[in-house]
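These are my notebook entries on side-chain contacts. I looked up aromatic pairs, charges over rings and salt bridges, in that order.

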Amino acid sequence: MRRTASPLSLVMLGFGTFLLVLAPLLAWYVQPRAAVNPIDIDTTAVYNGRGSVFDLDKVETVPDQAITVTQRVRGNVEAALDSGNAVWDVITTVDTAKSLPAADPHDALDFAPHRWVLDRETTKPVHCCEETPRIEGEAYLKFPFDVQKRSYQWWDNTLGDTVVMRYRGTEKVQGYTGYRFTASVPATKSGTRLVPGSLVNEPDQPQVLAEEWYSNHGLELIVDQATGRVIYAQTGPKRTLRAPGGDEDAAVLLDAEKLAFTTATQKEAVRQAKRDSGQLRMVGETAPVGAAVAGFVLAAIGGALVARGRKEEERPGSPGTAQ
């Protein structure tokens, strides 16, 4: 008797072996290359809250005003393809009910355009492509992929420097769990501005190069662990003017203890986080585990069938002539 392997057993053994090889490739090779920042991003985040703002018409600070901050992020695909990095153009506007709705964002109470260039895999800043300003730190607008339970250096564009965002545990946003980080910013000189002297208690001077000071009552970010996407953000900016070399605030430009993502912004951020993290989990966890289990089962069955073979009765040989 001799044993021969059936075609089915060979197919099962071959396909099982293929799946066993595919499983680690998905986890260690494909998944890291799927975790990249997009070059064609187009997203808008809206913050709402109340606070004091400087009214240019009244030339005074007006309290208890509805404040809306809108942050639009759009990818510059052409610059990204040329550089190999993600190039994101960001426009941040601050409005009151008086300036909304505005046909032109330049009509806002405050208008701040800038460009952030980042490594598509690590999210670290890259200095090229007419980046303005020179952004530093580990995170801005989003965290790196695979967020860890530690502190991160977060770029504060109003401050023009990084702040330390400290891990504070987990919290749910619209039913979805993320990592929570917080920070605060003490009063810090952030620039200068040419203003009438009377605005900073120097009425004898027609114009003064006043000092701009910035602080923050509290920054809070809740972040999707897999993708680094911010699903909730809260900020408490305070911007003031001081006379040159002054120790006290002479005028308040903006002071809001809490400006936070609107419900619509939270829901959209959570929707995108669920989608993107689900895709990463599929490639990095679900598919590799499934491939490994299926491959092991198929290879085991196919190997057993090949070992067992198919018994065939040997056909008797023809009588030969003695040599």
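Entry 1, aromatic rings. I pair the rings of Phe, Tyr and Trp (its six-membered ring) if their centres lie within 6.5 Å; planes under 30 degrees apart count as stacked, over 60 as edge-to-face and the rest as tilted. I note that this is a predicted model, in which local features need pLDDT of at least 70 and side-chain atom pairs count only at pLDDT 80 or more, while totals for chains, interfaces and linings use all residues. Residues are numbered from 1 along each chain as its sequence is written, and side-chain values use heavy atoms, with hydrogens and water left out.

Which residues do ring pairs link into a cluster? I find W88, W116, Y140, F143, Y152, W154, Y167, Y179 and F181 in it. By the pairing rule I count 10 aromatic pairs. I take strands (E, at least two residues) as DSSP runs, numbered from the N terminus. Both Y152 and F181 are buried, where buried means under 20% relative accessible area, exposed over 50% and partly exposed in between (1.4 Å probe, protein chains only).

I then looked up Y167 and Y179. Their ring centres are 5.3 Å apart with the planes at 70 degrees, so this pair is edge-to-face. It links distant parts of the chain, 12 residues apart: Y167 is in strand β7 (residues 161–173) and Y179 in strand β8.

I count a charge as sitting over a ring if NZ of Lys or CZ of Arg is within 6 Å of the ring centre and within 35 degrees of the ring normal. K142 lies over the face of F145, 4.4 Å from the ring centre. The charged end of R242 sits over the ring of W213, at 3.8 Å from its centre.

My criterion is a side-chain nitrogen of Lys or Arg within 4 Å of a carboxyl oxygen of Asp or Glu. By this rule I count 19 salt bridges. One of them joins R150 to E138, with the closest N and O atoms 3.0 Å apart. R150 and E138 are 12 residues apart, each in the loop between β5 (110–118) and β6. R150 is partly exposed at 37% relative accessibility, and E138 is partly exposed at 23%.

E212 forms a salt bridge with R239, the closest N and O atoms being 3.5 Å apart. E212 is in strand β9 (residues 208–223) and R239 in strand β11 (residues 237–242), 27 residues apart. E212 counts as buried at 13% relative accessibility, and R239 as buried at 16%.

For K238 and D249, I note a salt bridge whose closest N and O atoms are 4.0 Å apart. K238 lies in strand β11 and D249 in the loop between β11 and β12 (251–261), so the pair ties together parts 11 residues apart in sequence. K238 is partly exposed at 24%, and D249 is partly exposed at 35%.

Technical notes: Helices (H or I, at least four residues) and strands (E, at least two) are DSSP runs, numbered from the N terminus.
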